[in-house]
Amino acid sequence: MSIVSDISAYIRSGETTDQKLGLEIEHFIIDKDGHQIGFNAISSLIEEVGNSLHAPLHFIDGYVVGYNTKEYAVSLEPSCQFEISINPYSDINEISRIYKEFIDLWKPIFSARGYKIKTFGNLPNVELGIVSPDEIPLSPKKRYEFMNKHFLQTGKYGKHMMRASASTQISIDYSSEEDMIRKVRILQKLAPIIMILLESKSDPASTMKGVPDKPHLFRTQQWDDLDPDRTGFIPGSFDQGFGYDSLSDTIFNTPLILYPDKDGTIYVENKSAKNLFEDSVINKEDLTAERKKQLIEHFISMGFFHFRIKTYIEIRVADSVPIEKALGYVALIKGIVYSNDNLDILEKELADINTIDSIELAIEEIEKKGFDATIYHGKTVGAWADYLITLAENGLDDNDKEYLKNVRTFWNNSN
């Protein structure tokens, strides 16, 4: 069996009749002046807390960068964005409980040191031009050193993305290849609406430097000018032959930047997994089943598309938002993707939106006009957002419907 077939089999192994949702939120941990705290400070706190919980610690390049419990994992992103990744649950109340226990644990620890926990799409000091990304150090991991080196050559916003952006991500299940295809296509069409619903800025009027006519979707603007080989929407996702095999081919041919060798992380520039096998950097015959799985997961992780297919669908289009809004987002996605009636409605209603270009045009309009932008079928984004919330409500039980009330709520968490 070829490696492409192995990747395809790995994705297929995610098929399940479960209808769970995972939630990840990245946080900025800042001092009184709005600067992110340093790696050594937060790494030592993670080690201390992880040990107190008797939780396995996660090391990269010899540094403590996270810990795992039975219900969630904590990890550090490139410039110490502090992420919680909650295990998948079908019950939103469980997700809420787990996050509350996590924040109740960590908030006093940070507060005692004069730190605050913030959820924005971009670090406010960078969004407002108080500091530049150049002034923010990266975590001392080879992975980030190599990514930084690469992104300096591929786009304008690598420094912004790595040092000053944060997101909320949701993962969902698929039951078959056909189910995966349908959900990915529908969600990609809905992505522009989700992006603005989950926009999180410290100043609604701020704009990116040099882009005065686009006050919305900073994080999206940054990702879209990062590296065309690995960002945007999934290549070929609206083609007739889209599926596990085409996804696997994309993954196999995406430039890797870096490779986790047995002796440490090495820089491979624009070489793809295909190139590494062709050059005998990796020999298939030498791979154990566990090592092969690790490599496949690494290959997938180096594609930063708005949607990532692992053994689940990862939705990556939302800014980091407060938990109340994040839970509303979970409810919105649950009410849409786990309702066949709603999928049928949206599949039919958006049948004519069948290219990535048409979705990107909608995003560009939203970047300029926000909820007032007119997109699909001559309707405003605001009207589409209200429509999606109504559809989701029809697909949820009474308890989950309560969470939806926070989807369109704006929190000013700048204090």
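A residue counts as partly exposed when its relative accessible area falls between the buried limit of under 20% and the exposed limit of over 50%. Keep that in mind as we walk through this predicted model, because H377, with a relative accessible area of 43%, is partly exposed by this rule.

Let's stay with H377 for a moment. This residue sits in the loop between α14 (356-369) and α15 (381-394). Its backbone is worth a look too: phi of H377 is near 60°, a positive value in a residue other than glycine. Most residues other than glycine have a negative phi. S280 is another case, with a positive phi of about 60° although S280 is not a glycine. You will find S280 in the loop between α10 and α11. With a relative accessible area of 46%, S280 is partly exposed.

The largest nonpolar core has 127 residues, and F82, W106, I172, M180 and I333 have the most contacts inside it. Which helix gives the most to this core? Helix α7 (residues 177-197) does, with twelve residues. Apart from this core lies another one, of nine residues, and F28, V131, I136 and A166 are among them.

Leaving aside neighbours within four places in sequence, W106 is in contact with L45, I46, V49, Y67 and F82. Some of these partners take us to a helix pair: α2 (residues 39-52) and α3 (residues 92-111) pack with their axes 12 Å apart, at an angle of about 135°. That angle makes α2 oblique to α3. The contact is made by I42, L45, I46 and V49 on the α2 side, and by L105, W106, I109 and F110 on the α3 side. As for handedness, the crossing of α2 and α3 is right-handed.

Our last stop is helix α9 (residues 244-253), whose buried residues are Y244, L247, S248, I251 and F252. Why do these residues lie on the same side of α9? They cover an arc of only 135° around the axis, which puts them there.

How values were computed: Residues numbered from 1 in each chain as written. Predicted model: local features only at pLDDT ≥ 70, side-chain atom pairs only at ≥ 80, totals over all residues. Heavy atoms only, no water. Core = buried A, V, L, I, M, F, W, Y, C linked by side-chain atoms within 4.5 Å. Buried < 20%, exposed > 50% of the residue type's maximum accessible area, 1.4 Å probe, protein only. Helix = DSSP H or I, 4+ residues; strand = E, 2+ residues; numbered from the N terminus. Contact = heavy atoms within 4.5 Å. Arc of directions from axis to C-beta. Axes fitted to C-alpha atoms, helices over the stretch in contact; angles between N-to-C directions. Parallel < 35°, antiparallel > 145°, perpendicular 65-115°, else oblique. Left-handed = near helix turned anticlockwise from the far one by under 90°.
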